[in-house]
Amino acid sequence: MRILVTGIGARCGTSAMMRTLLSDGMTPSPAAEKFPSYCAPSKNPEGFWDLSPEMIQSTEAIRLEENEIVKVFSYFYYQVDWSTVDLIVVMYRNDREAQITSMHETALAEGFEATPAMVDLMIRDPHDLLDHIPSPTIYIEIEELRSNPELVLSKIKEADTWVQQ
């Protein structure tokens, strides 16, 4: 299976999902880095697995091979070769206030200020764009992943079975 992990805004569990899938035997895409230079390791000491700075600055398409995963946020969807994506895992967070607070804190740690317009765009944009992407999609709430990662992996594997049919 080839999985693209994305989220409804930053700080919604995409890195945790990447680590969960990696621990289950998936392979990170060469487009991803555990600690890209633009990320603040103090905000996620186990790794982000975001796109590398080279990939962000490239016009090269993000393509997945069998058993690969990649994390891509909405502002880089245009770079994805969607024909190589079997499943999109969309992470979200029910506690929007905590998410926005965390987004602001992380932005400051990364050296910039997250304006209200930026935060709004990060949360609103994925919804609009995901509606137009043909790949099968599964939504996972971060608390569900935290409380029962095995159940989440089971749901993803069920989705894979459904996709293969």
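Reader: Which residue of β6 does Val5 stand opposite?

Author: The model is a predicted one. Strand β1 (residues 3–7) and β6 run parallel and are joined by five bridges. Within β6, the residue opposite Val5 is Val89.

Reader: And in β7, which residue is the bridge partner of Val89?

Author: Strand β7 (residues 137–141) runs parallel to β6, and five bridges join the two. The partner of Val89 in β7 is Ile138.

Reader: How many of the six residues of strand β6 are buried?

Author: Buried means a relative accessible area under 20%. Strand β6 covers residues 87–92 and is largely enclosed by the rest of the structure. The number of its six residues that are buried is five.

Reader: Turning to the rings, is the pair of Phe73 and Tyr75 stacked or edge-to-face?

Author: A pair of aromatic rings is described by the distance of the centres and the angle of the planes. The count of aromatic pairs comes to three. For Phe73 and Tyr75 the centres are 6.2 Å apart and the planes stand at 20°. Planes under 30 degrees apart count as stacked, so the pair of Phe73 and Tyr75 is stacked.

Reader: What is the arrangement of the rings of Tyr75 and Phe76?

Author: Their centres lie 5.4 Å apart, with the planes at 70°. The cut-off for edge-to-face is an angle over 60 degrees, so the pair of Tyr75 and Phe76 is edge-to-face.

Reader: Which residues are the closest to the centre of the largest pocket?

Author: The largest pocket has a volume of about 700 Å³. Its lining is made up of 32 residues, and the closest to the centre are Ala10, Arg11, Phe48, Asp50 and Phe73.

Reader: Which element gives the largest share of the lining of the largest pocket?

Author: The residues of the lining divide into 19 nonpolar, five polar and eight charged. The largest share is four residues, and it comes from α1.

Notes: Residues are numbered from 1 along each chain as its sequence is written. This is a predicted model: local features need pLDDT of at least 70, side-chain atom pairs count only at pLDDT 80 or more; totals for chains, interfaces and linings use all residues. Side-chain values use heavy atoms; hydrogens and water are left out. On a 1 Å grid over the protein atoms alone, a cavity is a set of points where a 1.4 Å probe fits but cannot get out, and a pocket is an open set with protein on both sides within 12 Å along at least five of seven lines; lining residues have an atom within 4 Å of a point. Grid points are joined across faces, edges and corners, and a volume is the space filled by probe spheres set on the points. Ala, Val, Leu, Ile, Met, Phe, Trp, Tyr, Cys and Pro count as nonpolar, Asp, Glu, Lys and Arg as charged, and the others, Gly among them, as polar. Buried means under 20% relative accessible area, exposed over 50%, partly exposed in between (1.4 Å probe, protein chains only). Two strands pair if DSSP finds at least two bridges between them. Rings of Phe, Tyr and Trp (its six-membered ring) pair if their centres lie within 6.5 Å; planes under 30 degrees apart count as stacked, over 60 as edge-to-face and the rest as tilted.
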